Amino acid sequence: MAKTYFTSDHEWLRVEGGIATVGITDYAQEQLGDLVFVELPETGKKLTKGDTAVVVESVKAASDVYAPVDGEITEANGTLSSDPSLVNSAATGAGWLWKMKLADESQLAGLMDEAAYKAHIA
Amino acid sequence: MTGDDSRHLPLEDIHTAAGARFGAFAGWSMPLTYPAGVMKEHLHTREHAGLFDISHMKLFEVSGPQAVALLDRACPLDAGALEISQSKLSFFLNEAGGILDDLIVTRLGDTRFMVVANAGNAVADEKHLRALATNFDVKIEPLDRVFLAIQGPEAWAVLSRAGIETGSLLFMHGVEPRKDWFMSRSGYTGEDGFEIGLPEAAARDLVAKLLEDERVLWIGLAARDSLRLEAGLCLHGQDITPETDPAAASLMWAIPKDVRASGGFIGADALRAAIERGPAQKRVGLKPEGRQPVRAGAALFDADGNPAGHVTSGGFGPSAGHPVAMGYVAASLARPGTRVFAEVRGTKIPVDISSLPFTPHRYRKG
């Protein structure tokens, strides 16, 4: 059963079987505006919490998306190379950014659930 | 969020009601985007009519027996050669020929001119002009106006429906259609369009009428920037600065030949010397390969890895459908088609020198 977590940097993680699918929240995509380019990470790249994992570029500016936990990239969402606007139209679905194998599942304890995140952006 | 010291637009309540997201620009709290978003706002302007609040920009009326003489001193301009209602892009230059500001000067009468200055330079421009004016019999009057731009192929039609006929007005001409109004056929998008300075009450009235028309959409500063960049138009402070002269900025077309040769404007000697030498760097259009935008500040390199210049504006061109940028490169690399490389986050992205504009201008010239 997948469980979804949120960070104060407006990312979401859907965790199942030690693999987290990561994206930005709807709130974040609204703040960024129309995305025109997503710089995706290479599979196998090891990330420490806080490292820049992905750079999302809107018409106006480039913004970093950070690794919310430690782990290794297992897949990047290649569809975004041709259609970065998926992050705007389906931030929590087809607009996911990358999947990572968690190095330390105990780090998830420090993240928010949906109710806490909703309170965070309210 | 913007600081408390930013200046606020007179129509801010209307922008707030329209759902604008605000940001700081040149000391003002400005609408950056509206709910449609930068992409739709940009494309709407090219297809229909975009409404912009540009009240951060400043209008100055310069009048008096020596208005022509003052402007000929302040700008590389032959003010006396302008026909009544004719507008011209010009500059305030420093003694080194560097661009203090770019301005639109319109002749309203024999001895009366309208000068439109950039927001960020308005205070310095007024000081500069007043200091010069002590030697001339002129009056300089900063005007308290709301300033609106209506841009796009349907701009004339939506103004007509709102009761404002623009019929015989051509590109780069300006008139005073009503008391305390100034309307010019000009803009910052590459499209046909108008800029109208008018008192606040009249502006509220006009905006309400325009927004009844479904062809009209509020457009924020973000799309204003992508529109002007596609149109190859300079932003002062980025693409042109006090450190760049009109020769390097590829803006010599704005300076009449006889003014170049014998004009007595501030910076004339330095500019003549710069033309004589030939600029070391030139402003050019830059088309990055692929989809990754190349932004202001990125360093440019030639094929051998030698420093070749830098990017001064860059982003994505929604109408062009690809990233667009402009910047300065060594004069030897300025020919369209020349390949250089921009460094973005440690990666070198191929960039081709491109002629400007990226999207064709659609001005109403006659």
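Biologist: How many helices and strands does chain A have?
Modeller: In this predicted model, chain A has 4 helices and 9 strands, and from the N terminus on its elements run β-β-β-α-β-β-β-β-β-α-α-β-α.

Biologist: What makes the radius of gyration of chain A agree or disagree with a compact globule?
Modeller: A compact globule with 122 residues would have a radius of gyration near 14 Å, and chain A has 13 Å, so the value agrees. Along its principal axes, the C-alpha trace of chain A spans about 35 × 35 × 25 Å, and 43% of the 122 residues count as buried. As for its contacts with a separation of 6 or more, 61% of them are between residues 24 or more positions apart.

Biologist: Which strands of chain A stand at the edges of its sheet, and why?
Modeller: The open sheet has 6 strands in the order S1-S2-S3-S9-S8-S5 (chain A), with antiparallel pairing. Strand S1 (3-6) and strand S5 (46-47) of chain A are the edges, because each has a single partner strand and one side of each is therefore left without a neighbour in the sheet.

Biologist: Why do S1(A) and strand S2 of chain A count as paired?
Modeller: Pairing requires at least two bridges, and 4 bridges join S1(A) to strand S2 (residues 11-16) of chain A, so the two strands, which run antiparallel, meet the criterion. Within this pair, A:Phe6 has A:Trp12 in S2(A) as its bridge partner.

Biologist: Which residues of H2(B) are buried?
Modeller: They are B:Val38, B:Met39, B:Glu41, B:His42, B:Thr45 and B:Arg46. These buried residues of H2(B) pack against strand S3 (28-33), strand S4 (49-53), strand S10 (146-151), strand S14 (216-218) and H7 of chain B.

Biologist: What is the strand order in the open sheet of 5 strands in chain B?
Modeller: The order is S6-S7-S8-S5-S9 (chain B), and the pairing is antiparallel. Strand S6 (87-93) and strand S9 (139-142) of chain B are the edge strands, each pairing on one side only, and the twist averages 30° from one strand to the next.

Biologist: Why do strand S7 and strand S8 of chain B count as paired?
Modeller: At least two bridges are required, and strand S7 (residues 99-109) and strand S8 (residues 112-117) of chain B have 5 bridges in the antiparallel sense, so they qualify. A hairpin joins S7(B) to S8(B) through 2 residues; in S8(B), B:Val115 is the bridge partner of B:Val105, and B:Phe113 stands opposite B:Arg107. S5(B) and S8(B) run antiparallel and are joined by 6 bridges, and B:Arg112 in S8(B) stands opposite B:Ser63. S8(B) is mostly covered, with 5 of its 6 residues buried.

Biologist: Which helices of chain B pack on the sheet?
Modeller: Helix H3 (residues 67-74) of chain B packs on the sheet and touches strand S5 (58-63), S6, S7 and S8 of chain B, its direction making about 130° with that of S5(B). Helix H4 (residues 122-133) of chain B also packs there, touching S5, S6, S7, S8 and S9 of chain B, and its direction makes about 165° with that of S9(B).

Biologist: Which residues touch the most other members of the largest nonpolar core?
Modeller: Of its 136 residues, these are B:Leu51, B:Leu71, B:Val115, B:Leu148 and B:Ile150. Not counting residues up to four places away in sequence, B:Leu51 touches B:Leu148, B:Ile150, B:Leu210, B:Val216, B:Leu217, B:Trp218 and B:Ile219. In soluble globular proteins, nonpolar side chains tend to be buried together.

Definitions and conventions:
Residues are numbered from 1 along each chain as its sequence is written. Chains are lettered from A and ligands numbered from 1 in the order in which they are written. This is a predicted model: local features need pLDDT of at least 70, side-chain atom pairs count only at pLDDT 80 or more; totals for chains, interfaces and linings use all residues. A nonpolar core is a set of buried Ala, Val, Leu, Ile, Met, Phe, Trp, Tyr and Cys residues joined through C-beta atoms within 7 Å. A residue is buried if 20 or more other C-beta atoms lie within 10 Å of its own, exposed if 12 or fewer, and partly exposed in between; C-beta atoms are placed from the backbone. Two residues are in contact if their C-beta atoms, placed from the backbone, lie within 7 Å. Axes are lines fitted to C-alpha atoms, for helices over the stretch in contact, and angles run from 0 to 180 degrees between N-to-C directions. The radius of gyration is taken over C-alpha atoms; the globule rule is 2.2 Å times the number of residues to the power 0.38.
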